[in-house]
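Reader: I have a model open and want to learn how to read it. Please take me through it feature by feature.

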Amino acid sequence: MGKQNKLGLLILTALVVGNMVGSGIFMLPRSLSEAASPAGVILAWLFTGAGVLVTALVFGNLGIRKPNLSGGPQIYAKELFKKDSPLSVLSGFMASWGYWIGNLVGNIAIITTFASYLSTFFPILTSTAPLFTIGSFTLKVGNALTFTVCTALLWGTHLIILRGLENAGKLNFAVTASKIAGFFIFIIVALFAFETSNILPMVEPRLDEGGQAIGLVGQVSNAAVATLWAFIGVESAVVFASRAKRQVDVKRATILGLFIALAIYIGVSTLVMGVLSQGALIASEKPLIDAIVSILGPNAGKVLAGIGLISLFGSTIGWVMLSAEVPYQAAKQGLFLPSFLKENKKNLPVFSMIITNSLGQLFIFSTISNSISAAFDFVIYIATLSYLVPYLIASAFQLKLVLTGETYAKQPKQKIIDGIIGTLATTYSIWVIYAGTADIKTFLFGVALLASGIFFYGPVAKQHKNRRHTKKAA
């Protein structure tokens with residue numbers, strides 16, 4: 001691979017921060033206030049931050065110890081079983097499939113949020129005026145325009161990336177640096193407008209769909225799935241490990257990016273709760289803009305909306321890059337459909353990009369009949385659960401390395417430390433999966449998405465079978 005496709009520490013860190021600090025920071029304050037009281041939200045952030053930290057340490061460690069296994073945490077699934085066995089290939093494929101689906105769905109959450117913030121400048125995007133009616137379905141003007149904007153952003157980003165991976169990475173870096181500066185300015189301004197009365201009472205019940213009160217522990221569980229969405233993307237540097245200039249930069253970028261994102265998330269989400277009342281926050285489609293408008297007026301809201309658009313544009317670049325890279329790297333490991341190996345002259349996985357973005361286009365159709373906030377809630381919940389299985393797999397693989405001693409020759413102290421980290425990361429992943437699938441409808445939908453991959457497993461199994469026969473013949 002030429003030097004033009006190699007990524008350094010700064011660009012890798014920007015990918016991590018840019019992919020984490022995307023749609024979540026703009027929309028999650030509303031989702032979290034709906035799921036939990038202020039105390040529950042703060043506890044969920046702290047708990048999730050600790051859980052993601054140990055998971056990030058797992059990613060960084062495996063990136064150094066197993067640099068040949070690139071493409072994302074799902075790749076480690078095949079290493080949990082006997083090498084080249086059918087079970088190894090099947091588990092690797094299914095984990096890659098689930099992770100890929102999570103990526104492309106999550107990308108749409110960012111794109112729909114972009115449309116939400118664009119409505120600050122073009123209010124017609126929220127118009128409820130009917131455009132036309134077919135039977136019982138009525139297409140509203142705002143929904144039609146939102147669909148058009150989301151589609152244009154998706155395929156416009158596609159064309160930008162096709163011009164070269166390094167150039168796209170540099171653009172993402174510039175955008176990420178701009179939004180970090182913008183969010184820290186927001187934090188400083190919000191500090192002066194913070195009203196303690198807005199977060200009181202700190203603990204109060206929330207109601208489930210059946211009208212039953214949810215206590216603090218239940219609220220933390222509900223909010224933990226949503227807060228995890230904010231950290232999805234912490235593995236971005238691991239996905240691009242094969243394109244890194246130095247393998248050690250993968251771990252450094254992962255940890256550095258996590259701490260930058262964590263500081264931004266905790267600062268912004270806590271201050272928004274203190275600027276807006278709980279009722280206003282839950283009803284908001286653009287909580288950060290509503291908060292800044294209440295402090296400095298409409299013009300400040302437009303400035304923040306502009307920063308938001310820049311931020312979301314950069315995140316879209318990073319996520320489209322990552323979404324296409326996942327099946328491409330899996331195919332190189334023999335764990336995905338062989339057609340996804342097709343590249344263009346710039347070594348970009350062009351076939352993977354086309355299929356990934358085409359499927360993403362299908363999810364954009366959710367904006368036609370739903371409000372932006374409803375579409376956002378739907379996609380982040382499904383996408384988050386799709387990520388949890390690969391996260392659990394990566395943690396389990398680290399435990400396997402510790403137990404077998406592989407890569408730990410003459411490193412007994414590091415082996416113990418990594419064993420503790422792997423155990424904590426595994427426990428955290430299991431807990432969030434349990435909390436997130438407590439709702440049977442969500443559980444069944446997640447299982448259906450994962451199981452749908454089995455219909456495409458045939459070519460992968462056939463390719464693996466042919467390879468085994470070739471090796472035996474040799």
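**Reading the fold**

Author: The chain has 18 helices and four strands. Helices (H or I, at least four residues) and strands (E, at least two) are DSSP runs, numbered from the N terminus. This is a predicted model, where local features need pLDDT of at least 70, side-chain atom pairs count only at pLDDT 80 or more, and totals for chains, interfaces and linings use all residues. Residues are numbered from 1 along each chain as its sequence is written, and side-chain values use heavy atoms, with hydrogens and water left out.

Reader: What share of the residues in the chain is buried?

Author: Start with the term. Buried means under 20% relative accessible area, exposed means over 50%, and partly exposed lies in between (1.4 Å probe, protein chains only). Here, 57% of the 474 residues are buried.

Reader: And what share of the contacts joins residues at least 24 apart?

Author: Contact means heavy atoms within 4.5 Å. Take the contacts between residues at least 6 apart in sequence: 81% of them join residues at least 24 apart.

Reader: Which residues touch the most other members of the largest nonpolar core?

Author: A nonpolar core is a set of buried Ala, Val, Leu, Ile, Met, Phe, Trp, Tyr and Cys residues joined through side-chain atoms within 4.5 Å. The largest one holds 129 residues, and Phe-186, Leu-288 and Phe-336 touch the most other members. Helix H4 (residues 86–118) gives this core its largest share, 18 residues.

Reader: Which residues does Phe-336 contact, leaving aside neighbours within four places in sequence?

Author: Its partners include Phe-93, Ser-96, Trp-97 and Trp-100. Pro-327, Ala-330, Ala-331, Val-460 and Gln-463 are also in contact with Phe-336.

Reader: Is Ser-88 buried or exposed?

Author: Ser-88 sits in helix H4. Its relative accessible area is 5%, so Ser-88 counts as buried. Not counting residues up to four places away in sequence, Ser-88 touches Lys-78, Phe-81, Lys-82 and Leu-335.

Reader: Next, helix packing. At what angle do H11 and H12 pack?

Author: The general idea comes first. Two packed helices are described by the angle between their axes and the distance between the axes. Axes are lines fitted to C-alpha atoms, for helices over the stretch in contact, and angles run from 0 to 180 degrees between N-to-C directions. H11 (residues 287–296) and H12 (residues 298–332) pack at about 145°, with axes 7 Å apart. Their crossing is right-handed. The rule: left-handed if the near helix is turned anticlockwise from the far one by less than a right angle, right-handed if clockwise.

Reader: Which residues make the contact of H11 and H12?

Author: H11 supplies Leu-288, Ile-289, Ile-292, Val-293 and Leu-296. H12 supplies Pro-298, Ala-300, Gly-301, Leu-304 and Ala-305. By class, there are nine nonpolar residues, one polar and no charged. Ala, Val, Leu, Ile, Met, Phe, Trp, Tyr, Cys and Pro count as nonpolar, Asp, Glu, Lys and Arg as charged, and the others, Gly among them, as polar.

Reader: Now strands. In which sense do S1 and S2 pair?

Author: Two strands pair if DSSP finds at least two bridges between them. S1 (residues 130–134) and S2 (residues 137–140) pair in the antiparallel sense over four bridges. Pro-130 has Lys-140 as its bridge partner in S2. Ile-134 stands opposite Phe-137. The two strands form a hairpin with two residues between them, and Gly-135 in the turn has a positive phi of about 65°.

Reader: Where does Asn-347 lie?

Author: Asn-347 is in the loop between H12 and helix H13 (350–364). Phi of Asn-347 is positive, about 65°, although this residue is not a glycine. Its relative accessibility is 24%, so Asn-347 counts as partly exposed.

Reader: How far apart are the C-alpha atoms of Val-220 and Gly-40?

Author: They are separated by 5.0 Å, yet the residues are 180 apart along the chain. Val-220 belongs to helix H7 (residues 216–231). Val-220 is buried at 13% relative accessibility. Leaving aside neighbours within four places in sequence, Val-220 contacts Gly-40, Leu-43, Ala-44 and Trp-431. Trp-431 is in helix H16 and is partly exposed, at 28%.
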